[in-house]
Amino acid sequence: MRRRPNPISFDLRRDVGIWTGILAIVHTAIGLTVHLRGRMWMYFFKTLHPVHLQITQFGFANFTGLAAALLFLMLLAISNDLSLLALKTNRLKSLQRWTYAAFVLQRPMALLIN
């Protein structure tokens, strides 16, 4: 609106992103410890020996949630001034666009709950 380009990064937007990423990781950690009493692998595998994946809607939702959590960890790792200097603008922005994929990956679990 002011005919100036948007800044690459500014503190308020970065802080909101960091807090969102932290809350997403905390949500994942709490969610993995609630129902199965410390047996987190059962969210992803029916048995460990031999390995049988959960090939159900429940298993699919858990795997997509895990992928989203890993994307959020990557986004948290690059949310600092050092990464901005090291990665340069174009590379940093291309990595930050993975936020959209993380959002889409979180949706299957929300759809199964509702």
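Let's start with the parts list: the protein chain has four helices and two strands. Keep in mind as you look around that this is a predicted model. If you trace the chain along its sequence, the elements come in the order α-β-β-α-α-α. So how much of the chain is buried? Of its 114 residues, 22% are buried.

Now for the empty space. Rolling a probe the size of a water molecule over the atoms shows where such space is left. In this model, the largest pocket has a volume of about 590 Å³. It is lined by 23 residues, and those closest to its centre are Arg13, Gly17, Ser79, Gln96 and Thr99. Finding those five in the structure is a handy way to get your eye on the spot.

Which helices supply at least two residues each to the lining of this pocket? They are α1, spanning 11-34, α2, spanning 57-77, α3, spanning 81-96, and α4, spanning 98-113. Among these contributors, α1 gives the most to the lining, with seven residues.

Next, have a look at the surface. Here Trp19, Ile22, Val26, Ile30 and Val34 form a nonpolar patch. Taken together, these five residues have about 470 Å² of accessible area.

Is Val26 buried, partly exposed or exposed? Its relative accessibility is 39%, so Val26 counts as partly exposed. The reasoning rests on two cut-offs: buried means under 20% relative accessible area and exposed means over 50%, with partly exposed in between.

Val26 and Ala69 are 43 residues apart in sequence. In space, the two are 9.5 Å apart, going from C-alpha to C-alpha. You can pick out both residues in the structure and follow the chain from one to the other.

Note on methods:
Residues are numbered from 1 along each chain as its sequence is written. This is a predicted model: local features need pLDDT of at least 70, side-chain atom pairs count only at pLDDT 80 or more; totals for chains, interfaces and linings use all residues. Side-chain values use heavy atoms; hydrogens and water are left out. On a 1 Å grid over the protein atoms alone, a cavity is a set of points where a 1.4 Å probe fits but cannot get out, and a pocket is an open set with protein on both sides within 12 Å along at least five of seven lines; lining residues have an atom within 4 Å of a point. Grid points are joined across faces, edges and corners, and a volume is the space filled by probe spheres set on the points. Patches are made of residues with over 30% relative accessible area and no salt bridge: like charges are joined within 9 Å, nonpolar side chains (Val, Leu, Ile, Met, Phe, Trp, Tyr) within 5 Å. Accessible areas come from the Shrake-Rupley method with a 1.4 Å probe; for residues, only the protein chains shown count as cover. A salt bridge is a side-chain nitrogen of Lys or Arg within 4 Å of a carboxyl oxygen of Asp or Glu. Buried means under 20% relative accessible area, exposed over 50%, partly exposed in between (1.4 Å probe, protein chains only).
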